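Visitor: I am new to reading protein models, and I would like to walk through this one with you. Could you show it to me before I start asking?

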Amino acid sequence: MSVAAGVRVTTDAPRFRIRPRFRGRELGLLVLVGIGLFIGSLSLGATEQLKAALADGRDTPGNLLVLADPGLLLVYLGALLLVHAALVVAGRRTDQVLLPTVGLLGGIGLLLMERLPQDLAGSLGGLARTQLIWLLIGFGTMAALAVAVRNDVWLRRYKYTWAAVGVALLLLTFVFGRDVNGARLSLSIGPVSGQPSELLKVILVVFLAGYLSENRPLLVEESTKIGPLRVPPLPYLAPMIAMWAIALGIVIVQRDLGAALLFFAVFLLLLYVSTARLSYVALGLVAFVLGAVALYFVFGHVRTRIDIWLDPFADPSGAGYQVVQALHAFARGGLIGTGLGGGLPSIAGRPPIPALHTDFPFAALGEELGLVGILAILGLYLVLVERGLRIAAAAHDEYRAILAAGLSLVIGVQAFIIAGGNLKLIPLTGITLPFISYGGSSLLANSVIVGMLMALSERTRDPLPPPRRPSRLRRIFDRGAP
Amino acid sequence: MTGQRSNERPLGGPRPSAHAYPVSGSAPGWAGRRVGIGQALGRVGLALAIAFGGLALGAGYWQVIESANLSSAGDDAAVIAAARNVQRGQIFDRDGVRLAWNKKDKNGEPYRTYASDALSGVLGYASRQYGTAGLESAWNAQLSGVISADPLRELTRKFRANASDPQDLRTTLVLQLQEAAVETLGRNKGAVVMLDPRSGEVLALASTPTFDASAIADPSTATKTFDKLRNDTRLPLLPRATSGLYVPGSVFKIVTAVAALGSGAVSPSTTYADQPAAEKNGWLVDGFRVTDGHHSATGSTPLDFEHAIEVSCNIWFAETGVRTGGDALTSWAAEMGFGSTLPFDLPTRVSQVTNGGGSFGGGFSDKVELANAGYGQGETLVTPLQMALVAATIANRGVLMEPHLVLEATAKDGGVTTISPTVMSRVVPEGIAAEIGKAMRLAVAGDLGQRYTNGAAVRGLAVAGKSGTAELDGGKSPHSWFIGYAPYDDPQVVIAVLVENSGGSGVRASPLAGDLFRAWRTWANG
């Protein structure tokens, strides 16, 4: 079939004609989010008044109807509306559920940061203010991506470049990273410091989407039989092994179990999405188990984590302290929670769980919002994943489908890993709860993900990217091609 | 299949322009392929939903099933924080002077602070790191509000937002007497007990060296202070008045007198014919020589009870001890508290007449030990508080009142629990107590007695008392004792003074007691 026949040719630079498009559903949901956060702020304000009164020896405070830090709330809700307005003005037909969902998650996180001691972290005027500033930067990035990205060539064409950037980032962290709590997670370049693994997860998905979509036919059709197992064609096994090696490397060198687990899980899930071959996933899981067992016996920090997971109560005031205190927090929360600001008993002015704002916000919310709140938050993450997978299913082509699926799965799997760690379902790893945990890198990376998902959700027939010249490998294996 | 696919995409054709791609009805629609990405996406979504279901179940397990267990455990942060954040009740002296109250650290958590170091031996301390001691420990439940004064409130306590109901204590102490006691002890190690014999109310309970209890309670200085105190060889953390065990020496003669006169073994007029001669060479008991030091003063006159007390005659009391017998001596001593912990707010060491286990009667091992115990040597060991109770028995006409430190506990809502005086024991009839009192008065005011209780007499205040010099093994300087009361006609205050390793009573304990009687008079008249 001739390429030229019947094909309308457009350029890479689409015509920007601004035609505002009302986004009713998004606005409605945002109003609900606003009401929810307003009530949350009122509840927190009342609890703070009550606590202040008790501390002063008074029985009842004068006025309970006080918003906790109304400035923060107004700025935050204003920012959400601004993003909404930008999307309306841009007139794109992108997903309308993502923004309210992310807005509610971020708002809950912001309320949590407000009720924690402000000197826990944050150089920009305290914990909550720093978190707000990062949320604003994140929303700005999200809006920019959702409005401006109309083309994915820059992603799909340069997948190996992106991979190189990722590997470079990883190596930089290996070499120049700063050790925080025994894990080499943080990289500082001049005044800017961040956690490269957060950015890395986005790059990983971009690369995997490119690689898997391009080689999908071969991964699906060709397979090598080793005994009873169907193995991907051996040359294609290489990236899998590389992926596994990178995950191991991250565990060994960076001691970042969370990121390794996340990367490997997302890789396996995307492998399944693109091939629908359970045998590949099974093979990956076998490799994972082998790696995990080897790491357990060779590396002390892995063994410690696993042992704490198996029995944190063996040393409740030492190694198991964090995990045990988190479980206590869940227990104190019970079914309906203590209310925002009402839980997390302060010991020497500190919350009872170390690193609460980054690693244990899920436990904190479990205490203050109860099981009901926990279920709601889990529901919000499921909504995010569901929207992402829906976007993937409606995508124009495989690349976009795998990209959208990967982006949403990153958020879902990450939420699962840290929530499961908090709940002692899986060993605890130090990764963030997306949009809720304190931290700039995490908020920014997750905002980029949601921004890209929004861009991918555009329902109009945007120009499709140009087809790629097949790779050399593919030309070799694609014997059916003329 | 691959061939078919490649037809849909211009893979094999000439390389298309970078900008050109197909957007038509025949555009790549992967959804219809044999391997459906849509289906795979659905399965992945389902798997993640199931995983999240696992999270929900896990949360349910901890938040519902294990909730009660975990959140009431001792290492739960809320339980710990509640203990740390409780505003302990304040402690006052009997005149309403504040002795202990709370300050707040930079986190708003309260910590204890005390009016004076002089109180350390009685109030102890309440510290986050090191727990409680002294009165703070004994009344911890009321001070921290774990026990509510109101039984109805006690029932509903767990349902309240602020569960603790701390009570303020008004003690029997007098801060100015407590400070006077510590001040007169000065650099010496020792203890002072002052109490009202009529009610058992303790006015001062001092132990030196003192320590800075506020520094133990202050979280910023606690560790440094406590480590230093714990390693101090002078044992400042030992509350000597209640937990120090000392050889009593001659002050124990009052106990012997109570037993001997009470049991009728001797009468006040009893004399021993061999006593004057024995003054020179000592009185031989089974090969042991009991010696004395007042021969030149009393010469060849056999001493009766009064004068034996006045000059503190060891031989008279050794003979009396033997005549009274071990059983009677220990059982009369037990009436005053010996042999068991005292019914008191603070924990006390057990004072002993003998270390027991012997077969001679009352636990004595032989006649020599009994004779020595008669004048307070032997295996006899006492606490200063115990000796104050002995003096209090005499002062209160044979009736011993239970010693106590707290007058009343006041809850926040105004509910007051009052501690009323209780009789601990009716030890001897009034007449016998009066006989012993008369002798003690003579020991302070008599011509000869003054030599041994030098400095205890106070102009304008009739003091009765008995001094003691506790000889120690190994050539250590003796402990110096004084027990007594005033006014003689209407006893209102009992004082027991012990000064460790300070020489004879006349050197330290007696003049110190005189100072304290004066301090008491100033307070009582003020």
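Predicted model: local features only at pLDDT ≥ 70, side-chain atom pairs only at ≥ 80, totals over all residues.

Visitor: How many helices and strands does chain B have?

Guide: Helices (H or I, at least four residues) and strands (E, at least two) are DSSP runs, numbered from the N terminus. In chain A the counts are 17 helices and five strands. For chain B they are 23 helices and 17 strands.

Visitor: What share of the residues in chain B is buried?

Guide: A residue is buried if 20 or more other C-beta atoms lie within 10 Å of its own, exposed if 12 or fewer, and partly exposed in between, with C-beta atoms placed from the backbone. In chain A, 50% of the 482 residues are buried. Among the 526 residues of chain B, the buried share is 51%.

Visitor: Among contacts in chain B between residues at least 6 apart in sequence, what share joins residues at least 24 apart?

Guide: Two residues are in contact if their C-beta atoms, placed from the backbone, lie within 7 Å. With that sequence separation of at least 6, the share in chain A is 72%. For chain B, the share is 69%.

Visitor: How are helix 13 and helix 20 of chain B oriented to each other?

Guide: Two packed helices are described by the angle between their axes and the distance between the axes. Axes are lines fitted to C-alpha atoms, for helices over the stretch in contact, and angles run from 0 to 180 degrees between N-to-C directions. Helix 13 (residues 253-263) and helix 20 (residues 384-395) of chain B have axes 10 Å apart, at an angle of about 50°. Angles under 35 degrees count as roughly parallel, over 145 as roughly antiparallel, 65 to 115 as roughly perpendicular and the rest as oblique, so helix 13 and helix 20 of chain B are oblique.

Visitor: Which residues of helix 20 of chain B meet helix 13 of chain B?

Guide: From helix 13 of chain B, the partners are B:I254, B:V255 and B:V258. By class, this contact of helix 13 with helix 20 of chain B has six nonpolar, one polar and no charged residues; Ala, Val, Leu, Ile, Met, Phe, Trp, Tyr, Cys and Pro count as nonpolar, Asp, Glu, Lys and Arg as charged, and the others, Gly among them, as polar. From helix 20 of chain B, the residues are B:V390, B:A391, B:T393 and B:I394.

Visitor: How many residues are in the largest nonpolar core?

Guide: A nonpolar core is a set of buried Ala, Val, Leu, Ile, Met, Phe, Trp, Tyr and Cys residues joined through C-beta atoms within 7 Å. Among the members that touch the most others are A:V205, A:L270 and A:A405. A second, separate core of 138 residues includes B:Y246 and B:M440. The largest core has 142 residues.

Visitor: Is B:S510 buried or exposed?

Guide: B:S510 lies in helix 23 (residues 509-525) of chain B. It has 29 C-beta neighbours inside 10 Å, so B:S510 counts as buried.

Visitor: Which residue is joined to B:P209 by a cis peptide bond?

Guide: Most residues other than glycine have a negative phi, and most peptide bonds are trans. B:P209 sits in the loop between strand 8 (201-208) and helix 10 (213-217) of chain B. Its cis bond, with omega about -5°, joins it to B:T208.

Visitor: What is the omega of the cis peptide bond from B:A486 to B:P487?

Guide: B:P487 is in the loop between strand 16 (479-486) and strand 17 (493-499) of chain B. For the cis bond from B:A486 to B:P487, omega is near -15°.

Visitor: What is the positive phi of B:L235?

Guide: B:L235 is in the loop between helix 11 (222-230) and helix 12 (240-243) of chain B. With 15 other C-beta atoms within 10 Å, B:L235 is partly exposed. Although B:L235 is not a glycine, its phi is positive, at about 55°.

Note on methods. Residues numbered from 1 in each chain as written. Chains lettered and ligands numbered in written order.
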